[in-house]
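The sequence and structure are shown below.

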There are 2 protein chains.
Amino acid sequence: MKKILASIAFLACTLTVSAQQALGPGTGIKSPEINADNSVTFRYVNPKAVTVKLVGDFLTERSVDLQEKDGVWTYTSKPLVGELYSYSFIVDGKRELDPSNVYMNRDIATWTNIFTLSTKEGDAGHYYMNNNVPHGTITKIWYDSEQAKMDRRLTVYLPHGYEKSKAKYPVLYLLHGSGGDENAWSELGRTAQIMDNLIAEGKAVPMIVVMPNGVVRNPSAPETNETNMFQPTMMNSRDQDTKPMEDEFPTIKKFVESTFRVKTGQYNTAIAGLSMGGRHSFAISRRYPGTIGYVGMFSGAGSGPDNAKELKALFAAKPKLYWIAVGSADGVKQSASALRDYCNQNNYPCEYYESDGGHIWKNWRVYLTLFAQKIFK
Amino acid sequence: MKKILASIAFLACTLTVSAQQALGPGTGIKSPEINADNSVTFRYVNPKAVTVKLVGDFLTERSVDLQEKDGVWTYTSKPLVGELYSYSFIVDGKRELDPSNVYMNRDIATWTNIFTLSTKEGDAGHYYMNNNVPHGTITKIWYDSEQAKMDRRLTVYLPHGYEKSKAKYPVLYLLHGSGGDENAWSELGRTAQIMDNLIAEGKAVPMIVVMPNGVVRNPSAPETNETNMFQPTMMNSRDQDTKPMEDEFPTIKKFVESTFRVKTGQYNTAIAGLSMGGRHSFAISRRYPGTIGYVGMFSGAGSGPDNAKELKALFAAKPKLYWIAVGSADGVKQSASALRDYCNQNNYPCEYYESDGGHIWKNWRVYLTLFAQKIFK
C-alpha cells in the first residue's frame, strides 16, 4: 500500500511539474513486467476507474479485464512467445496509454505502448531486441528533391564499422506504407535491431539500408515537418499512384551513391517495401530494369498483365530475387498470388512466401528479417 | 455533430485495430489548433468524463477547465507568445495525453504533449520551429567505452552540407541533466532546429554538436538500451559525482575527432550542459585546462574554493568564454552566482546570465540559443 500511495504521490507530482515543464519522474509503478515464465504483468493506478480493460496483439480475446486492489489494476497474461507486442488500456471505455511504460511506437497518428521479449535464440523477438552485438548507425539526412522542390528527409542505417572502414556496401532501399514516413521502418519495423542482429550472426551481409519518405509531396515525419503541427493521416501520407515515387527514386539513389560509400550496380542494389511500399517496389523495379537485383514486395504488389512489356524487360535483365510475401488473411493476398501466378505462367523466376495473419507490422518485420538474409549473396 | 460521431467512430476503430497492431488513424479531432491570433484551442472527446482540466506551461493558473458540448471538451487559451509549450489533460483527476496530438516529448519517464508557435521573427519559438532553412543531419552513433566496457551511443548534429564538403568543423559537446540521456538535447532541447536556424541566419558558425549519454554506466536511451524495458529514473540516469564523465570525456573526444571532420584545439572545442551537465562542464573544463576554449554552465556549476588550483590553471590557459547561466527562481542560483563571485574575486573573466524562471527546459533552450552564438568567433 505504501508503494501505491508513493506512486499516487508521484502522479500528483507529475501534474505539478508538467505545468512547469520540468522533471518527469514517471509513475513509480512497474508496467509491463516480463515475468520469468514469459508471462507479462500489467499494472495501472486509478482508484476512481470503474472498469479497466487491456487490448493487445498478444491476446486471443478482443480485450481482457484488469482486477483492482487498493487502486491498482492488474492483469497477468499467459506465457508469451518472443515478439514485439503492442497494447493499450481501456479505462471506462476510453483508450489510454500505459503511463508507466516509456516504450511507445507511433503508427500514422496513433501512439501505442510496446514491449519486446525473446524466449529463445532465433525467435522473432530475438531479432527485435537490443542485444549485446555491434550496433550500426542511424542517420537522419536531407536531400534536395527537384520534383518536390524541397529538401526531404531520409533515414539511413549504416552497418557497424562503416565510419572506420574504407569499404563500400550494397544498399537496400526500404519503403513504408500509406500513412507512414521515413521513421516507420526504423521504429515500427525495428530495422536497426534486425540488421544489427542478422549481421552479427553472419546471416545477412553488412549493408546500408535507406528508408525514404515515400510520399513525395511530404518532406518528412511530423517531428521535423515544416508544416507546423502536421498530423499524419492515411490520406495526407499516401500517394494514390506510384508515379511520384518512381520519378523520385533516381534522385534518392543518386544522392545516396554520392553521399555514402556504396557498391553500385544491379546486384548491389535491392528494393523492398510494405503495402504502398510494396507497390512502389513493384513499380520502381519494372520502371528501371537492370538496375535492381533484388525486389521484395511485402503485402503489396502490382498487376502482371497491366505491366507485361516492362516485366518482360525486367526479367530479361535477370534480377536474382523477386520475392512476394503476404499474409493468408491479408486483403491484398489475391493480388499478390495473382502476380505469383503471372510470373509462373511466364516462367519469370519469383518466390512467394505466405505467412499467417493480415496486413500488420508483425508480418512486415518477419518479411524484412527473411528478405535481408536472401540478398547480396 | 456528424464530425463528432465520426471522430468517436474513429476512436472505436483505433481500439479494434490496436488489438491487431494495424493502422493508427488518430482521433479525427484537431487538437491543439493554433488560431490566427496565436490563441490555441484544445479539444478532447470524452462523453463520459465529469471534469476535464488542462495543465500547461503557458497557463498562469495551475489548471483550467475545458467545457463540454456533445461529448467534445474544449478550451481556448489567450494569445500566446512564440515558444515550445507542453500540456496534458486531467480527466476526472487523472493525467492523460492528448490523443489527437502526435507531438510528444519524453522527459525522463514521462511523455508530455507539446506544440510550438512563433509570433514574430526572432522570438524563442522561431528558433524551435522547423523553418524552411537548410537542415543538418542527426546521427545516432556508438563508440567503444573502455571505462564502461560497452558500446555507448552518441547523438551528433552535423551542419547542413557536411557530407558534401571537405571542410572541418569546430565541435560543441552538449551534456544533459540527471534523468536524461543522449536524446534529451535533440528532443527536449531542439538542438537541430536551433542550430539550423542560427546557422541559416548567420548567427552561429557551422559546427558539429555532440550529445553524449552523460551517465557512463548506461549505454543509451531506453529505445536502444540492452536492458530490456529499461525505465529511466532520476537515480538510474544520474551520476552522483562528476568523475566518471570526466574520465570518459577524452574517449568521446578521441572518437569524435577520429570519426568526423573536426577542427581540433582549444578554440575549436566547446562544452556546455544543463544541471548535472553543467556540473560536468565545470568539472571537465577544469580537469583538462587548455583543451576547451568555451565553457557553458546552464543551471549547474561547481565550487570555486574547492577547485582553486585547477581553476587557476584553467584560466591561465585563457578560455575565450566561461559562461554561467541560471534562472532567478532556480534552486541552484546560489551556487551559480557564488561561482561568478569567485571568478570576479580572482579576476577570472566569466560571463553571468540570469533569466526568469527555474530549473526548466524553457530556460535551457534559450541558454543554448545564446551560447551557440558566442562560440568559435
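## Strand pairing and a hairpin

Two strands count as paired if DSSP finds at least two bridges between them. The model discussed here is predicted. In chain B, strand S9 (residues 104-107) and strand S10 (residues 110-117) run antiparallel and are joined by 4 bridges. Within this pair, Arg106(B) has Trp111(B) of S10(B) as its bridge partner. S9(B) and S10(B) make up a hairpin with 2 residues between them. In the turn, Ile108(B) adopts a positive phi of about 60°.

In a regular strand the side chains alternate between the two faces of the sheet. For S9(B), both faces are covered. Met104(B) and Arg106(B) lie on one side, Asn105(B) and Asp107(B) lie on the other, and all of them are buried.

## The four-stranded sheets

Strands of a sheet pair through backbone hydrogen bonds, either parallel or antiparallel. Chain A contains an open sheet of 4 strands in the order S1-S2-S6-S5, with antiparallel pairing. Its edge strands are S1 (33-34) and S5 (67-69) of chain A, each of which pairs on one side only. S1(A) is joined by 2 bridges to strand S2 (residues 40-45) of chain A, and the two run antiparallel. Glu33(A) has Thr41(A) in S2(A) as its bridge partner.

In chain B, an open sheet of 4 strands has the order S1-S2-S6-S5, again with antiparallel pairing. Strands S1 (33-34) and S5 (67-69) of chain B stand at the edges with a single partner strand each, so one side of each has no neighbour in the sheet. Strand S2 (residues 40-45) and strand S6 (residues 72-76) of chain B run antiparallel and are joined by 5 bridges. Thr41(B) is placed opposite Thr76(B) of S6(B).

## Relation between the chains

Two copies of a chain are related by a rotation about an axis and a shift along it. Here, chain A is superposed on chain B by a rotation of 180° with 0.0 Å of shift along the axis, at an RMSD of 0.0 Å. This is the relation of a two-fold axis. In chain A, the C-alpha nearest the axis belongs to Thr139(A), at 2.1 Å from it.

## The interface

Contact between the chains involves 87 residues of chain A and 87 residues of chain B. Of the interface residues of chain A, 100% are also interface residues in chain B, so the copies meet through the same surface. Chain A and chain B bury about 6800 Å² between them, with 55% of it on carbon and sulfur atoms.

## Salt bridges

Side chains of opposite charge can pair when their charged atoms come close. Over all chains, the structure holds 34 salt bridges. One of them is between Asp247(B) and Arg287(B), at 2.9 Å from N to O. This pair links distant parts of the chain, with Asp247(B) in helix H5 (residues 243-259) and Arg287(B) in helix H6 (residues 276-287) of chain B, 40 residues apart. Asp247(B) counts as partly exposed at 25% relative accessibility, and Arg287(B) is partly exposed with a relative accessible area of 29%.

Helix H6 of chain B also holds Arg286(B), which forms a salt bridge with Glu310(B), the closest N and O atoms being 3.4 Å apart. Glu310(B) lies in helix H7 (residues 308-316) of chain B, so the pair ties together parts that are 24 residues apart in sequence.

Lys333(B) is in helix H8 (residues 333-345) and Glu354(B) in strand S18 (residues 351-355) of chain B, 21 residues apart. Lys333(B) counts as partly exposed at 29% relative accessibility, as does Glu354(B) at 35%. In chain A, salt bridges with shared partners join Lys243(A), Glu246(A), Asp247(A), Arg286(A), Arg287(A) and Glu310(A) into one network.

Notes
Residues are numbered from 1 along each chain as its sequence is written. Chains are lettered from A and ligands numbered from 1 in the order in which they are written. This is a predicted model: local features need pLDDT of at least 70, side-chain atom pairs count only at pLDDT 80 or more; totals for chains, interfaces and linings use all residues. Side-chain values use heavy atoms; hydrogens and water are left out. Buried means under 20% relative accessible area, exposed over 50%, partly exposed in between (1.4 Å probe, protein chains only). Copies are superposed by least squares on the C-alpha atoms of residues with pLDDT of at least 70 in both. Contact means heavy atoms within 4.5 Å. Buried area is the accessible area (1.4 Å probe) that two parts lose on being put together, summed over both. A salt bridge is a side-chain nitrogen of Lys or Arg within 4 Å of a carboxyl oxygen of Asp or Glu.
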